[in-house]
Amino acid sequence: MLVVENNGMGYEIYVSANVLFKMNTGDKAQLFTYFQVKEDGVALYGFGSREEKAMFLKLITVGSVGCKLAMTVLSGISVRDLAVSVLSGDVSALTRVKGVGKKTAERIILELKEKVGEGETLGREQGGAVSGGAASDAVLALAALGYTRGEADKLVRAVFDPALSAEELITKALKGGR
């Protein structure tokens, strides 16, 4: 938890470990917040980036994942790694996060697989774009990580091999083809 002072008022804000480790006493900070109102109280959650907040909002739509578990997940795995894990179905990456068991990890993957790339038209044949199976999934995953459609398509094209899985294509693309 972090206490942020603004105009003489102190606000207790729940943040991920990633955000907490970047802060020092007296630092100026910009946080993207989520205000939760429940019967038993209110809570304020803060995020270091819009992407982190967006992933948090997606996580809390998953059954059995509340705000505290979502913050735990974001503390234990980066937003990019979480997106890749969800899109590639990597249960083991999620179960390495303290407090996330196999069933919860499977549920997160099942319920977020389509939401992580929501709103994207990736993987479809458009103007020579990459299309088909693993390549489409890889482009979708890279877009979920913040790459533009064109950038993601270009990265996947550079490393494309029909024998590779989506996860392998993503890994190679992120490593620059190595």
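First, the ground rules. The model is predicted, so local features need pLDDT of at least 70, side-chain atom pairs count only at pLDDT 80 or more, and totals for chains, interfaces and linings use all residues. Residues are numbered from 1 along each chain as its sequence is written, and side-chain values use heavy atoms, with hydrogens and water left out.

The chain has 9 helices and 4 strands. Helices here are DSSP runs of H or I with at least four residues, strands are runs of E with at least two, and both are numbered from the N terminus. In sequence order the pattern is β-β-α-β-β-α-α-α-α-α-α-α-α. Of the 178 residues, 36% are buried; buried means under 20% relative accessible area, exposed over 50%, and partly exposed in between, with a 1.4 Å probe and protein chains only.

Now the sheet. The 4 strands form an open sheet, in the order S1-S2-S4-S3, with mixed pairing. Two strands pair if DSSP finds at least two bridges between them. S1 and S3 (32–38) are the edge strands, each pairing on one side only. S1 (residues 2–6) and S2 (residues 9–15) are antiparallel, with 5 bridges. Val-3 has Glu-12 of S2 as its bridge partner. In this hairpin, 2 residues sit between the strands, and Asn-7 takes a positive phi near 55 degrees. S3 and S4 (residues 41–47) also run antiparallel, joined by 7 bridges. There, Thr-33 is bridged to Gly-46 of S4.

Helix H3 (residues 67–76) packs on the sheet and touches S2, S3 and S4, its direction making about 20 degrees with that of S4. Contact means heavy atoms within 4.5 Å. Axes are lines fitted to C-alpha atoms, for helices over the stretch in contact, and angles run from 0 to 180 degrees between N-to-C directions.

Next, how do the axes of H4 and H6 cross? For H4 (residues 79–88) and H6 (residues 102–116), they come within 8 Å and cross at roughly 105 degrees. That makes H4 roughly perpendicular to H6, a label for angles of 65 to 115 degrees. Among the residues making the contact are Ala-83 and Leu-87 of H4 and Ile-108 and Leu-112 of H6.

Last, Arg-96 lies in the loop between H5 (91–95) and H6. Arg-96 is exposed, with a relative accessible area of 64%. Its C-alpha atom is separated by 9.6 Å from that of Val-73, 23 residues apart along the chain.

Key
Angles under 35 degrees count as roughly parallel, over 145 as roughly antiparallel, 65 to 115 as roughly perpendicular and the rest as oblique.
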